[in-house]
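Reader: I have a model to look through and a few questions about it. Can you take them one at a time?

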Amino acid sequence: MMALSWLFISGCVIAVPVCALTAVSIYLISVRKKYSHIPGPPRDSFFLGHIPTFQKYLKQGKFFSEMAIEFIRKYGHVVKIEMAERIIVITADPQSIRELMITGNHSKSKAAYEKLGFLFGERFIGKGLAAETDQKVWVWRRALMNPCFQKSYIKGLESAFNTEIDLLINKLAGLADGKTQISMLEEFNHLTLDVIGKIGFGMQMNNVENRTEPSEYTKAIKLALGGVSAFLRDPFMKFKYSQWKYIADVKKAMKTLRVLSKQSFDERKKQIERGDYTPDDILNFLVKMKLENPELDGEVILDDITTFFLAGQETSANLLSFAMICLWQNKDVLERLKAEVSDVVGDKHYISIEDINKMEYLDMVIKETLRLYPPASNTFRENKTDIEIQGYKIPAGTSIMMSTFVSSRLEEFFPDPLKFDPERFNPAENRILSYTYFPFMLGPRSCIGKDFGVIEAKMILSKIVQRFNFEMDPNQSFDIEESATLKPKGGAFCSFTLCDS
Ligand code: HEM
């Protein structure tokens, strides 16, 4: 009897894993069969697919979009990647990008955005505007929010932009001894957090004036976004004991951000209910939206507040840091930009949106910076029906990635792609091929805060080049770091002198 029991137990110990492996193998084969006709690199592991391939790229200091660009160059404008059971199709084909982002009304990919919304099981940006994957719900909510970002609203922010930005300008003026090294990535992070806090949410955060190092919120944003990237790099990290402490820290950071959202919401709600004066800002808009539409889930409003804080801060700070690097590396461009700023605003400190709109070269510089260094480079759609890309059938329900980083660095779309050349965007020449450049994405799900972000960035950059000369520390890294967004790895350290000194 005893011997029989042992035999049974040993049989189970062998049979259960064998059956499980067989079931997983059959599942992988059946999922992958539907995509076998689509080109792509050979996989390194049957079970993990291209996860080990990606790990190899990471070890070489490269990030996901750099791997994607190599595959696109090698296999053509449509390639597939297998991340264990998950298939990602990447396309740089302009016509399919048009269909996927603009004309086809495809929703965002659940596989990508639900992970972003609820990272490691913790609600992060949840079902906020950027992560909502139900297209019908999203259409309704975006229509409610669009008025908040109209040009007339942005125009009303001119004075507040000037006030906030001048705090950084004054701080830099105090440090402009030609020696003090300042991380402009940190400074821009502080400034853009103050700007979105003050202008969007009526909060006086005082990061620029008070901080010499990152605030609790900039640290939380950094950690939470780092968590997104870490998860994308290694979807199995939650099963690894060595990662548990890091995951706990990421979850804590996400909670910190949501607590801030909740506090701002509650406070503003009370003010509105008491009939107090409240500024006409993004927060007012969101709180009133909830009060007027009680059926809206309160958690979703917190998702939105968290989304706006993140989306409105990191992206602009990264863009500005890259712009400083590009200008320092291309002195001729910097000189031309300085000349334009001097022509349009002279030495007046208050810069209006009308002034900004007159600066054509500044616009070209920002566009070219976004071509080479798009802070938010990838988007994912889920095709609702089978579609064809360059003759390859893509089954309905596929996660399809489009990357402005990839498309904008392809020689066939942008000759000599690594050259920083704002002239590509000279409006008189119309050299940009459609659907090859999309730093704010295209179509209905493009960035709602584009005008806000661009005007803010242009105003900051023009004030800096108007007042200062700067040098960068040549020993820092000028590589790109991917941490959900793309940012300069070395922190963009600069030293400043005043122009008239
Ligand atoms: C230079 C600055 C900015 C860049 C490069 C940028 C880029 C982008 C990109 C690429 C997307 C699409 C993301 C995706 O498809 O997953 C996006 C969406 C979004 N952005 Fe921005 N953004 C910037 C500034 C801002 C600002 C200042 C705000 C708010 C104040 C903002 C709010 C949003 C929101 C809410 C969405 C989601 C829109 C939707 O799905 O309806 N962004 N942004």
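Reader: Fine. What kind of model is it, and how are residues numbered?

Author: This is a predicted model, in which local features need pLDDT of at least 70, side-chain atom pairs count only at pLDDT 80 or more, and totals for chains, interfaces and linings use all residues. Residues are numbered from 1 along each chain as its sequence is written.

Reader: Ligand, then. Which residues come nearest?

Author: Gly312, Thr379, Cys447, Gly449 and Gly453 come nearest, out of 24 residues around the ligand. A residue counts as near if its C-beta atom, placed from the backbone, lies within 6 Å of the molecule or strand in question.

Reader: Which helices supply at least two residues of that shell?

Author: α14 (298-311), α15 (314-329) and α20 (450-467) each do. Helices (H or I, at least four residues) and strands (E, at least two) are DSSP runs, numbered from the N terminus.

Reader: And how does the shell divide by class?

Author: There are 14 nonpolar, eight polar and two charged residues in the shell around the ligand. Here Ala, Val, Leu, Ile, Met, Phe, Trp, Tyr, Cys and Pro count as nonpolar, Asp, Glu, Lys and Arg as charged, and the others, Gly among them, as polar.

Reader: Why is Cys447 classed as partly exposed?

Author: Because 19 other C-beta atoms lie within 10 Å of Cys447. A residue is buried if 20 or more other C-beta atoms lie within 10 Å of its own, exposed if 12 or fewer, and partly exposed in between, with C-beta atoms placed from the backbone.

Reader: What does Cys447 touch?

Author: Phe440 and Met441, not counting residues up to four places away in sequence. Two residues are in contact if their C-beta atoms, placed from the backbone, lie within 7 Å.

Reader: Helix packing next. At what angle do α8 and α20 pack?

Author: Helix α8 (residues 158-174) and α20 pack at about 35 degrees, with their axes 10 Å apart. Axes are lines fitted to C-alpha atoms, for helices over the stretch in contact, and angles run from 0 to 180 degrees between N-to-C directions.

Reader: Which residues make the contact?

Author: On α8 they are Phe161, Ile165, Ile169 and Ala173, and on α20 they are Glu456, Met459, Ile460, Lys463 and Arg467. By class, this contact of α8 with α20 has six nonpolar, no polar and three charged residues.

Reader: How do α9 and α15 pack?

Author: The angle between helix α9 (residues 184-201) and α15 is about 145 degrees, and their axes are 8 Å apart. Met184, Leu185, Phe188, Asn189 and Thr192 of α9 meet Ser316, Ala317, Leu320, Ser321 and Met324 of α15. The contact of α9 with α15 has six nonpolar, four polar and no charged residues.

Reader: Changing topic. What is the phi of Asn105?

Author: Asn105 has a positive phi of about 55 degrees, although it is not a glycine. Asn105 is in the loop between α4 (94-103) and β3 (107-108), and it counts as partly exposed because it has 13 C-beta neighbours inside 10 Å.

Reader: And Phe120, what is its phi and where is it found?

Author: Phi of Phe120 is near 50 degrees, a positive value in a residue other than glycine. Phe120 is found in the loop between β4 (118-119) and β5 (122-123). With 19 C-beta neighbours inside 10 Å, Phe120 counts as partly exposed.

Reader: What does Lys238 touch?

Author: Phe120, Gln243 and Ile247, not counting residues up to four places away in sequence. Lys238 is in the loop between α11 (216-233) and α12 (244-274).

Reader: Is Lys238 buried or exposed?

Author: Exposed, because Lys238 has 12 other C-beta atoms within 10 Å.
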